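Please open the structure in your viewer and keep the selection tool at hand.

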Amino acid sequence: MSGGRGAGWLAPGRLAMPSSCGVRALDADSGLQDNFWGEAGRGVPTALAVCSRLGCVAFAQRGLPAVVRVAAFPELEERAVLEVGDPVEYLGLAFSADGEFLLAARGVDDFQLDLWDWRKEALIASLPLDDEAPCDLSFFPLNPSVMVCVGELCVQLLVKSSLLGSTALHKFYVDVEDVLLEGEKLSYLGQRRGAPPRHEHGPG
């Protein structure tokens, strides 16, 4: 599912994007729009993720403490508020493909990666964020237990494991030094970020 700070498709023809202090859902055919407002005075979200499967948007505004809000469209209902630590901002957000989990990158002053069961507003596991400028976060489409954090200087694979009721994240580094020239930094395009979701057809 899409993450970062840009726009994402909520459903065929419905585009979610940051607004002045929340999220705007635009109907591409009619031009009509719905707005879900965050906290006044905190400005445009610093991170936004869309789950088209559930019609939900997660976003975070800058402020102390910064929180992640999950809103449902077209109901314009707040489904969850995720708060932990004392971050001033969130640098990235990503839903798993099934919409069950949310990965969040906290920025100043915490610099942590958090895995949430967002419906329960439950923090499952955390790890230090090694790269303070992540380009993007993503879940492996077929396995929500595998995630990736792409930064300017390194790529981290994250694997979730559970044992005796306890959940942990394990971190593995992908060595990219051999492919970067001096002064180069990584960027991440994501998977079909600009393509709208396909229509799903039932039997018959």
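The stops below treat a sheet, several salt bridges and a surface patch in turn.

**Before starting.** This is a predicted model, in which local features need pLDDT of at least 70 and side-chain atom pairs count only at pLDDT 80 or more, while totals for chains, interfaces and linings use all residues. Residues are numbered from 1 along each chain as its sequence is written, and side-chain values use heavy atoms, with hydrogens and water left out.

**Stop 1: the sheet.** Select β9, β10, β11 and β12, which form an open sheet in that order with antiparallel pairing. Strands (E, at least two residues) are DSSP runs numbered from the N terminus, and two strands pair if DSSP finds at least two bridges between them. β9 and β12 (122–128) stand at the edges with a single partner strand each, so one side of each has no neighbour in the sheet. From one strand to the next, the twist averages 20°, where axes are lines fitted to C-alpha atoms and angles run from 0 to 180 degrees between N-to-C directions.

**Stop 2: β9 and its partner.** Now select residues 90–95, strand β9. Six of its six residues are buried, so β9 is largely enclosed by the rest of the structure; buried means under 20% relative accessible area, exposed over 50%, and partly exposed in between (1.4 Å probe, protein chains only). Five bridges join β9 to the antiparallel strand β10 (residues 102–106). Across from G92 stands A105, and across from A94 stands L103. Six residues lie between the strands of this hairpin, and G99 takes a positive phi near 80°.

**Stop 3: salt bridges.** How many salt bridges does a search of the whole structure find? The search finds eleven, each being a side-chain nitrogen of Lys or Arg within 4 Å of a carboxyl oxygen of Asp or Glu. Select R106 and D114, whose closest N and O atoms are 2.6 Å apart; both residues are buried. Next, select R69 and E39, where the corresponding distance is 3.5 Å. R69 lies in β7 (residues 68–72) and E39 in the loop between β4 (33–37) and β5 (47–51), so the pair ties together parts 30 residues apart in sequence. R69 counts as buried at 15% relative accessibility, whereas E39 is partly exposed at 34%.

**Stop 4: the surface.** Finally, select F172, in strand β16 (residues 166–174). F172 counts as partly exposed because its relative accessibility is 47%. Together, L157, F172 and V174 make a nonpolar surface patch of about 240 Å². Patch residues have over 30% relative accessible area and no salt bridge; like charges are joined within 9 Å, and nonpolar side chains (Val, Leu, Ile, Met, Phe, Trp, Tyr) within 5 Å. Accessible areas come from the Shrake-Rupley method with a 1.4 Å probe.

Notes:
Helix = DSSP H or I, 4+ residues; strand = E, 2+ residues; numbered from the N terminus.
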